[in-house]
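User: Hi! I'm new to this one, could you walk me through it?
Analyst: Happy to. Here it is.
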Amino acid sequence: MSTDNKKMKTDDLIGQLCGELTPTSPRCPYRRVAVWFVASVVYLGFVVWYLGIRPDFQERLHDTLFLYELMLGSALLMSASLASSWLSFPDCMQRNWMKIVPVTLFGSFVLWIVARSIAEGMTPMATLHIGHCAHEGILMEIIPIIALVIITMRGRTTHPYWAMAMNILAVSSLGWIGLRLTCSMDEMGHSFINHLLPFAIIGAGLGFFARKLFKW
Amino acid sequence: MSGVRIPPLRPFFPLFLGGEKYLSDQQNQPDQWQEWAAAAQKGDKRAYAALLGELAPYIKNVIIKSLSNPDAAEDIAQEVLISVHKSLDTYRPDRPFKPWLMAIINFRRTDYLRKHYSQRQDKTTTTDENFEFEASNVTIPNNAGELKDIEAALAQLPEQQQRIFRMIKIEGYTAQEVANEMNMNESAVKVSAHRTMKKLQGLLE
């Protein structure tokens, strides 16, 4: 009796779900993230233009280490945003391995910062720059992170923490690139404390809400 | 009888009993689901009903293996069906169906287990030197089911579940009315009310 009763309830549910069915086209995994990527880069360009590009930018373009940093940041931005897009599908488009790419890039990024910090020493920072870079970074990242979180919320992720981590990595690398273009202080101690640490803390805070934010 | 489960046939077994059809059905099943899911995305309700009809027992079978309480399998299976419905647009017909479904099943099962263990932890307490707790929470044997017991049990549930339960079971609203009021899906409201009832039964036992 009890089994029949339960079967009826499941059958009822199936009937209701069938009644609610509306034609839908399969979601494209690349379209939204491509729009986000282009819009974020344009937005970053606008903010960099508004804040003013660093005066020695032309010279820095001949510095291999500076270019390496920018390329590492760009690779992290692209791979993390792509992983975030795939993670907003329940089965991650069956490409779970993709998470390894941004994580590895981030690992090499951290190693790069540590190696340079050891080589340079944690140089004292100008007081002016302590809040200044963090504020500019927030300006560069606030709209892209909101947009990316909304995109993930509209998806159906089964890995909320990973999805949030990828969002944070993508937007942090965007901010990092932007700050390298506007801030003329190249000391790694400064970059680490002002360009990365505030956003890592904000990101970790957001991570606590990942499961609630991406609930469906 | 509800606890009895028939284990799936081992691969060699059907060969003795004309089981080629069983084997080929097992292999073709995901392909068939893939086709039905693709048709459902185009709005084919018959294909969708066939898909959900086949998925329901399959999901239950998968879930029941990892649960100590087989009754919960029905709840989780229904939740998975609702999730499949909500996320139908994230299935791409050019990709296999089963990994997509399994990801949803695992997600909902983990969700259930997380809630289950957190609630069990909440219930763990000691009455030693805690007379106030004992007086307000411990029910006298053979006296369970009083209104205060029901109210106390209901108060332990999440606020949304309490509200849905009160509106449907006490105030007499229909599921559709509650769904409109709470901005929810009607089927989700029904599932929630059903689950609340089961939880209350468990709490009052």
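This is a predicted model: local features need pLDDT of at least 70, side-chain atom pairs count only at pLDDT 80 or more; totals for chains, interfaces and linings use all residues.
User: Thanks! How many residues of chain B are in contact with chain A?
Analyst: On the chain B side there are 34 residues, and they are in contact with 25 residues of chain A.
User: And which elements give two or more residues to that side of chain B?
Analyst: They are helix H2 (20-41), helix H3 (45-64), H4, helix H5 (97-123) and helix H10 (186-204) of chain B.
User: What about nonpolar, polar and charged residues there?
Analyst: The side of chain B that touches chain A has 16 nonpolar residues, 10 polar and eight charged.
User: Switching topic: how many helices and strands does chain B have?
Analyst: Chain B has 10 helices and zero strands. Read from the N terminus, its elements go α-α-α-α-α-α-α-α-α-α.
User: What share of chain B counts as buried?
Analyst: That would be 25% of its 205 residues.
User: Back to H4(B), is it mostly covered or mostly exposed?
Analyst: Mostly covered, with 12 of the 16 residues of H4(B) buried. Among them are Ala73(B), Ile76(B), Val80(B) and Leu81(B), along with Glu74(B) and Asp75(B).
User: Why does the length of helix H4 of chain B agree with what it should span?
Analyst: Helix H4 covers residues 71-86, so at 1.5 Å a residue its 16 residues should span 22 Å, and the end C-alpha atoms are 24 Å apart, which agrees.

Methods. Residues are numbered from 1 along each chain as its sequence is written. Chains are lettered from A and ligands numbered from 1 in the order in which they are written. Helices (H or I, at least four residues) and strands (E, at least two) are DSSP runs, numbered from the N terminus. A residue is buried if 20 or more other C-beta atoms lie within 10 Å of its own, exposed if 12 or fewer, and partly exposed in between; C-beta atoms are placed from the backbone. The expected span of a helix is 1.5 Å times one less than its number of residues. Two residues are in contact if their C-beta atoms, placed from the backbone, lie within 7 Å. Ala, Val, Leu, Ile, Met, Phe, Trp, Tyr, Cys and Pro count as nonpolar, Asp, Glu, Lys and Arg as charged, and the others, Gly among them, as polar.
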